[in-house]
Amino acid sequence: MRTFLFKRLPSALAVLVAASFTVFLMLRLIPGDPATTLAGPDASPATVAAIRARLGLDAPLAEQYLHWLGQVLSGDLGPSYAIGGQVSELIGDGLAATFQLTVAALLLVVLLAVPTALYAVSARRRGLAGVLRALTTGALAVPPFVTGVVLVLVFAVGLGLLPAGGHASLFDAPDLAVQYLALPALCLALPSAAILARYLQDGLERALGEDYVRTATALGVSRRRILWRHALPNALPPAVTVLGLQIGQLIAGAVVVERIFAWPGLGQLIEQGVSRRDYPVVQDLLLLVVVGYVAVQLLTDLLYSWLDPRVRWE
Amino acid sequence: MTTISSPLLLKAARPRNRYVAGLLTWRGVSGLVLVGTVALAGLLAPWLTDADPNAQGPQALATPSGAHPLGTDDIGRDLLSRILHGILTDLSIILTAVPAGALAGAALALLAGTSRAADLVVQRLFDLVLSFPGLILGLAVTAILGPGRWPVVIIIALAEVPYFGRQLRAGVLVQQEREYALAARVGGASRARVLLRHVLPNAVDPLIVQGAVALSVGVFIEGALSFLGLGVRPPEPTLGSLISGSVAYLDTNPVLAAAPLAVTTALVLGFTLLAEALNRGARG
């Protein structure tokens, strides 16, 4: 485990440093600087210069970059330019909402995909497997914004079962919060659930064709036990990797889903930051997303090596 | 003689025919029909409707009638005309962006084929682009360039570069070690010539499948950016902006959402079916 970490950590750190550098430089490449935008069209050059000095934008690029890194490492990200408030607080609030949405979606992904794959494999009816395959193809082919609008049309407008959008605190009004959470989480979960179900189904089918399954069958082990105790543990590791990659997709997908369902998460914040040119917010958010993405990939690899001991000593 | 030579000929002619064979399955044909119908409707837009897609009329949110076959939107623009022209916008975007992404990815993959050092740099470059989830990349680009048609093209192209690049790189690595490539080298051909004239033509086939996938991803990205207000500038219609504009009127005017939803679904489903058909064809 330790050797594994030693091998993976440096490359993860390298990606992070490169990403932080890219994010920082990208925002500095923008024509026109935030000081001019903030000062307004009629401001005198002196006002612009004063704002630039206050924001620290008159310092050399290397110094600005190190200052920013220092802020990031200390956790105090300073004030936002245009949205108002401290960046750390803005991100904290958005993160809490997005975290709820992503975790709910992740739960739904597993709850939808694992039974589907197990059922498709154990039912052994060609027609059923075909139908499930067509459904997963459909879920993958249709963009999330299409699914989202269709879900609203059916469940909110047509059936009137669930609210079309909004957000309630999970602690103050749990039942209301779950109602608000249901549609966006389902919308976010469907494509990832389809991918996971497909990988798991393929993995299970491959495992069921192995010699040890034939041996177990010959020894009179029940089909159910073969599926759960022999096929599933062998099909799980690749599926976990896929699930880990999907978490990144969920975070990115949340940006659009939050917009459709008026969910006050990181997606809304990043959109505000971009449209109002609030560079600290955009810069810190982009870095946060990359950090989260890299961390998830690391965790996935660790989990993989725990599920499949052969990977540990590579 | 013919009995001996025909299997050989068949074998040599196989790769391209395989893709054609893939297209002639039910998946391929329905994919072609879906994409073809939508594309044709877009291309024939000027003949199918007289209405200007951006002209505002006196009747807002009108129900379907003779003058407006699908009704009008919230500021009185003809919905049918906006959908047909929206198809054109989407097609022109993805048909610029996907070839551009494929070319850039292929160029980088060939560069990776020249030396181990170049290979390492190119691979890290692909990793870096992939480490930004697609939409985050889009947000970053629009943060720099502002919203508009060209940023959308750039984002789609950029997001596709590593996928095309990785696929071709894998093919180039395999083909470079084959006897014919080594023979060409021994025969005195330069490294660049072997790469371009011998290796590339043999490694390029898998990109066809990737291309079909990329086209549907392009529609995804355009729509997502429109939803975030970072896509093509209004009033120019796109499939994504038509759907995102309809969200406020879902309970009163569902046709405003249903029509562009149906067209978008048909288009992406068509591309997906084509990709699957080509992929199955390639695997024989």
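This is a predicted model: local features need pLDDT of at least 70, side-chain atom pairs count only at pLDDT 80 or more; totals for chains, interfaces and linings use all residues.
**Helix α4 of chain B**

I looked up α4(B), which covers residues 79-112. I wanted to know whether its length fits its residue count. At 1.5 Å a residue, its 34 residues should span 50 Å, and the C-alpha atoms at its ends lie 48 Å apart, so the two values agree. I then checked how covered the helix is. Of the 34 residues of α4(B), 25 are buried, so I noted this helix as mostly covered.

**α10 and α12 of chain B**

Next I took α10(B), residues 207-227, and α12(B), residues 255-283. Their axes are 8 Å apart and the packing angle is about 160°. An angle over 145 degrees counts as roughly antiparallel, and therefore I wrote down α10(B) and α12(B) as roughly antiparallel to each other. Their crossing is left-handed.

Which residues make this contact? From α10(B) I listed Ile208(B), Val209(B), Ala212(B), Val213(B), Leu215(B), Ser216(B), Val219(B) and Gly223(B). From α12(B) I noted several, among them Thr264(B), Leu267(B), Phe271(B), Leu274(B), Leu278(B) and Ala282(B). I sorted the residues of the contact by class and got 13 nonpolar, five polar and no charged.

I also recalled a rule about spacing. An α-helix has 3.6 residues a turn, so residues three or four places apart point the same way.

**Where chain B touches chain A**

I then turned to the contact between the chains. Here 34 residues of chain B are in contact with 37 residues of chain A. On the chain B side, the elements that give two or more residues are α5 (116-131), α6 (134-145), α10 and α12. Which element gives the most? That is α6(B), with eight residues. By class, this side of chain B has 23 nonpolar, nine polar and two charged residues.

**α7 and α10 of chain A**

Last, I looked at a pair in chain A: α7(A), residues 144-158, and α10(A), residues 223-260. Their axes come within 10 Å and cross at roughly 30°. The crossing of α7(A) and α10(A) is right-handed.

On the α7(A) side I found Pro144(A), Phe145(A), Gly148(A) and Val149(A). They meet Gly253(A), Val256(A), Val257(A) and Ile260(A) in α10(A). The residues of this contact divide into six nonpolar, two polar and no charged.

Key. Residues are numbered from 1 along each chain as its sequence is written. Chains are lettered from A and ligands numbered from 1 in the order in which they are written. Helices (H or I, at least four residues) and strands (E, at least two) are DSSP runs, numbered from the N terminus. The expected span of a helix is 1.5 Å times one less than its number of residues. A residue is buried if 20 or more other C-beta atoms lie within 10 Å of its own, exposed if 12 or fewer, and partly exposed in between; C-beta atoms are placed from the backbone. Axes are lines fitted to C-alpha atoms, for helices over the stretch in contact, and angles run from 0 to 180 degrees between N-to-C directions. Angles under 35 degrees count as roughly parallel, over 145 as roughly antiparallel, 65 to 115 as roughly perpendicular and the rest as oblique. A crossing is left-handed if the near helix is turned anticlockwise from the far one by less than a right angle, and right-handed if clockwise. Two residues are in contact if their C-beta atoms, placed from the backbone, lie within 7 Å. Ala, Val, Leu, Ile, Met, Phe, Trp, Tyr, Cys and Pro count as nonpolar, Asp, Glu, Lys and Arg as charged, and the others, Gly among them, as polar.
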